[in-house]
Amino acid sequence: MVTPTSLLNLDRQLCFALYSSSLAMTKAYKPLLAELGITYPQYLVMLALWQHSPLGVGELGARLNLDSGTLTPLAKRLQVMGLIDRNRCEHDERNVEISLTAAGKLLQARAEPLPLCILQLTGLQIPQLESLTSQLKTLRDELVANTQTRATAANHSVSPNPNPTPTAEHTPGN
């Protein structure tokens, strides 16, 4: 039986499973990325740019879910490292475009083995990994949409039920 107290059990929390998994994933990447001379957040920036370059700072921030206060220092460091260039857009100098340098493009070849190394560390097969990734993206998108909906509702003085009663099929951990 689910009780209010059992709902607060740490091991039943989706948030903790995601948080601790994220920490474990970052820890798994750390030695691999050290060989490339970059950090995990820098790797994410490079992944986005290897997929689409150049990108405006706003586009890159949206793609990575990072605000400019977080992204700008990352980009500056990657520029100092010679992996990217940051230039004002010719048609609108208010915007900055980030593009790969030759060294940034060469780093991609060195990074190509990383996803398979991580796959091995997870113990998952490719179909399982793809399914999990898809589920996590759906979860993220739902959380973003519902958080925005709740914020909009709060701005219009509509408050959701603060004490929802979980049903057996909708309890955390089920």
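Y29, Y40, Y43 and W50 form one aromatic cluster.

First, the basis. This is a predicted model, where local features need pLDDT of at least 70 and side-chain atom pairs count only at pLDDT 80 or more, while totals for chains, interfaces and linings use all residues. Residues are numbered from 1 along each chain as its sequence is written, and side-chain values use heavy atoms, with hydrogens and water left out.

The protein chain has 8 helices and 3 strands; these are DSSP runs numbered from the N terminus, helices being H or I with at least four residues and strands E with at least two. From the N terminus on, the order is α-α-α-β-α-α-β-β-α-α-α. Of the 174 residues, 22% count as buried, where buried means under 20% relative accessible area, exposed over 50% and partly exposed in between, with a 1.4 Å probe and protein chains only.

Now the rings. Searching the whole structure gives 3 aromatic pairs. Rings of Phe, Tyr and Trp (its six-membered ring) pair if their centres lie within 6.5 Å; planes under 30 degrees apart are stacked, over 60 edge-to-face, the rest tilted. The centres of Y29 and Y43 are 5.3 Å apart and the planes are at 40 degrees, so this pair is tilted. Y29 sits in helix α2 (residues 14-36) and Y43 in helix α3 (residues 40-51), so the pair ties together parts that are 14 residues apart in sequence. Y29 is buried at 10% relative accessible area, and Y43 is buried at 3%. Y43 also pairs with W50: their ring centres are 6.4 Å apart with planes at 75 degrees, so that pair is edge-to-face. W50 is buried, as is Y43.

On to α4. Which residues of helix α4 (residues 57-64) are buried? They are L60, G61 and L64. As background, an α-helix has 3.6 residues a turn, so residues three or four places apart point the same way. The face of α4 turned away from the buried side carries the exposed residues G58, E59 and A62.

What do the buried residues of α4 pack against? They pack against α3, β1 (55-56), α5 (68-80) and β3 (96-100), with contact meaning heavy atoms within 4.5 Å. Just after α4, N65 takes a positive phi of about 60 degrees.
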